[in-house]
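Me: I have a structure open and would like to learn how to read it. Can you take me through it feature by feature?

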Amino acid sequence: ADNCDLDTVESVVNDFPEPNRSCLLWLLDLMAKISSNEEINKMSVRNMAIVISPNLFSLSTSSDPMRALIVSQKIAQLTMTMLRWRMKSKFGIIV
């Protein structure tokens with residue numbers, strides 16, 4: 001996710017099959033609305049991604065907790081990038 005630009009995110013999201021794409025866009029819109037009120041609720045894009053991302057992906061029980069932590073961090077980074085893309089593309093908010 002570090003090297004993933006917003007155009008790449010848009011391309012990948014647009015390739016999602018329905019209803020997955022609609023559900024993801026709905027969730028990103030909800031997250032964007034919450035994050036746009038960060039001054040009030042303290043839910044920055046980063047905080048929102050950290051809270052929501054564990055619910056988006058299932059990590060199989062691993063015997064290596066360090067690997068599970070690294071994968072969780074990468075998923076949070078991807079979620080942050082997708083949220084930034086949606087905030088910019090739909091709401092014109094650049095974070």
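Reply: Start with one residue and its neighbours. Contact here means heavy atoms within 4.5 Å. Leaving out residues up to four places away in sequence, S35 touches M43, S44, V45, M48, L83 and M87. A word on the source: this is a predicted model, where local features need pLDDT of at least 70, side-chain atom pairs count only at pLDDT 80 or more, and totals for chains, interfaces and linings use all residues. Residues are numbered from 1 along each chain as its sequence is written, and side-chain values use heavy atoms, with hydrogens and water left out.

Me: Where does S35 sit, in which helix?

Reply: Helices are DSSP runs (H or I, at least four residues), as are strands (E, at least two), and they are numbered from the N terminus. S35 is in helix α2.

Me: How far apart are S35 and L83, in sequence and in space?

Reply: They are 48 residues apart in sequence. In space, C-alpha to C-alpha, the distance is 9.3 Å.

Me: Which backbone atom does the side chain of S35 reach?

Reply: Think of a polar contact: a pair of N or O atoms within 3.5 Å; within protein, one must be able to donate a hydrogen and the other to accept it, and residues adjacent in sequence count only if both atoms are side-chain atoms. The S35 side chain reaches the backbone oxygen of M43 at 3.4 Å.

Me: What about S44?

Reply: S44 lies in the loop between α3 (38–41) and α4 (45–52). Its relative accessible area is 14%, so S44 is buried. A polar atom of its side chain lies 3.1 Å from the backbone nitrogen of N47. Beyond four places in sequence, S44 touches S35 and E38.

Me: And E38, what does that residue touch?

Reply: By the same exclusion of residues up to four places away, E38 touches M43 and S44. E38 is in helix α3. At 37% relative accessibility, E38 counts as partly exposed.

Me: How do I describe two packed helices?

Reply: Two packed helices are described by the angle between their axes and the distance between the axes. Axes are lines fitted to C-alpha atoms, for helices over the stretch in contact, and angles run from 0 to 180 degrees between N-to-C directions. Here, α2 (residues 20–35) and α5 (residues 65–91) pack at an angle of about 80°, with axes 9 Å apart. That makes α2 roughly perpendicular to α5. The classes are under 35 degrees for roughly parallel, over 145 for roughly antiparallel, 65 to 115 for roughly perpendicular, and oblique for the rest.

Me: Which residues make the contact?

Reply: From α2, they are L24, L25, L28, D29, M31, A32, K33 and S35. From α5, they are T79, M82, L83, W85, R86, M87, K90 and F91. By class, the contact has 10 nonpolar, two polar and four charged residues. Ala, Val, Leu, Ile, Met, Phe, Trp, Tyr, Cys and Pro count as nonpolar, Asp, Glu, Lys and Arg as charged, and the others, Gly among them, as polar.

Me: How many salt bridges does the structure hold?

Reply: A salt bridge is a side-chain nitrogen of Lys or Arg within 4 Å of a carboxyl oxygen of Asp or Glu. The structure holds three. R86 pairs with D29, their closest N and O atoms being 2.6 Å apart. R86 lies in helix α5 and D29 in helix α2, so this pair ties together parts 57 residues apart in sequence. R86 and D29 are both buried.

K90 also pairs with D29, with closest N and O atoms 3.0 Å apart. This pair links α5 and α2 across 61 residues. K90 counts as partly exposed, at 46% relative accessibility. Shared partners join D29, R86 and K90 into one network.

Me: Which residue pairs with R21?

Reply: E18 does, with the closest N and O atoms 3.0 Å apart. R21 is partly exposed, at 22% relative accessible area. E18, at 44%, is partly exposed too.

Terms used
Buried < 20%, exposed > 50% of the residue type's maximum accessible area, 1.4 Å probe, protein only.
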